Amino acid sequence: TLVVYMLPILVLPLLCLGHLSYHFSARYYEQQLFLQIKNELVQTQQNIRLKLSSYQQSLLILSTQRLVERFISGEPGLDADLITEFERYRSRDPDISAIKFIRLNGDYQLTIPVQKSAAETSRFRNQYFSALQSMMDDNGFFLSSEQGSNQLNLYVAQKVYLSGQSPGDIK
């Protein structure tokens with residue numbers, strides 16, 4: 001009879017203690033996993049912000065070059081120099097697939113790397129053109145797909161004005 005009385009007194013508290021320790025350790029591991037995932041997401045978000053900021057800053061610096069202003073004003077014979085300069089920039093970052101100069105009406109002025117089909121592509125079929133037109137700021141970024149492609153691309157855009165021209169002027 002001693003065994004019958006001692007068994008519930010010793011075994012039941014050990015079973016309860018074991019169940020509670022398992023339950024709390026499982027919750028602890030879930031919380032640790034949650035915190036680790038949260039930290040990874042915050043780090044990834046910060047890396048994306050830094051990369052986008054870097055793209056915008058470098059595009060702003062490139063767009064303020066005298067060579068770009070002369071090209072946009074229509075000075076002849078600058079295509080080769082401009083292509084060389086932007087190809088050098090593009091070769092430093094393999095994530096950049098193309099650099100495009102697009103006029104206000106949507107016509108391609110220059111595409112780097114030079115594409116023969118760029119002039120034939122209709123601007124109204126490109127999904128990113130409407131996003132470019134609706135940009136309120138002088139720079140921005142958005143996701144869109146290229147004509148004939150299902151792949152989303154990140155577009156970093158910078159509006160470039162002639163010297164003396166303000167953002168409100170349409171020429």
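**Reading the features in turn**

Guide: In helix α3, R88 and E85 are 3 residues apart, so about one helical turn separates them. Helices (H or I, at least four residues) and strands (E, at least two) are DSSP runs, numbered from the N terminus. This is a predicted model, in which local features need pLDDT of at least 70 and side-chain atom pairs count only at pLDDT 80 or more, while totals for chains, interfaces and linings use all residues. Residues are numbered from 1 along each chain as its sequence is written, and side-chain values use heavy atoms, with hydrogens and water left out.

Visitor: What do the side chains of R88 and E85 meet in?

Guide: They meet in a salt bridge, 3.2 Å from N to O. The term denotes a side-chain nitrogen of Lys or Arg within 4 Å of a carboxyl oxygen of Asp or Glu. R88 is partly exposed at 41% relative accessibility, and E85 is also partly exposed, at 21%. For such labels, buried is under 20% relative accessible area, exposed is over 50%, and partly exposed is in between (1.4 Å probe, protein chains only).

Visitor: How many salt bridges does a search of the whole structure find?

Guide: The search finds 4. One of them joins D93 to K51, whose closest N and O atoms are 3.8 Å apart. D93 belongs to the loop between α3 and β1, whereas K51 belongs to helix α1 (residues 2–63), so this pair ties together parts that are 42 residues apart in sequence. D93 counts as buried, at 14% relative accessibility, and K51 is partly exposed, at 37%. Another salt bridge links the side chains of R66 and E69 at 3.2 Å, N to O. Both residues lie in helix α2 (residues 66–72), 3 residues apart, or about one turn of the helix. R66 counts as exposed, with 55% relative accessibility.

Visitor: Is R90 buried or exposed?

Guide: R90, which is found in helix α3 (residues 79–92), is buried, because its relative accessible area is 18%. A contact requires heavy atoms within 4.5 Å. Leaving aside residues up to four places away in sequence, R90 touches I96, S97, A98, I99, I112 and P113. A polar atom of the R90 side chain also lies 3.0 Å from the backbone oxygen of S97.

Visitor: I99 has now been mentioned among those contacts. Which face of strand β1 does I99 belong to?

Guide: In a regular strand, side chains alternate between the two faces of the sheet. In strand β1 (residues 99–102), I99 and F101 form the covered face, and K100 and I102 the uncovered one.

Visitor: Which strand is joined to β1 by bridges?

Guide: Strand β2 (residues 108–112) is joined to β1 by 4 bridges, and the two run antiparallel. Strands count as paired if DSSP finds at least two bridges between them. In this pairing, I102 stands opposite Y108 of β2.

Visitor: What pattern does the chain follow along its sequence?

Guide: The chain has 4 helices and 4 strands, and reads α-α-α-β-β-α-β-β. Of its 171 residues, 22% count as buried. Among contacts with a separation of 6 or more, 39% involve residues 24 or more positions apart. The accessible surface, computed by the Shrake-Rupley method with a 1.4 Å probe, for which only the protein chains shown count as cover of residues, comes to about 12,800 Å², and 58% of that belongs to carbon and sulfur atoms.

Note on methods
Polar contact = N/O pair within 3.5 Å; in protein donor to acceptor, adjacent residues only side chain to side chain.
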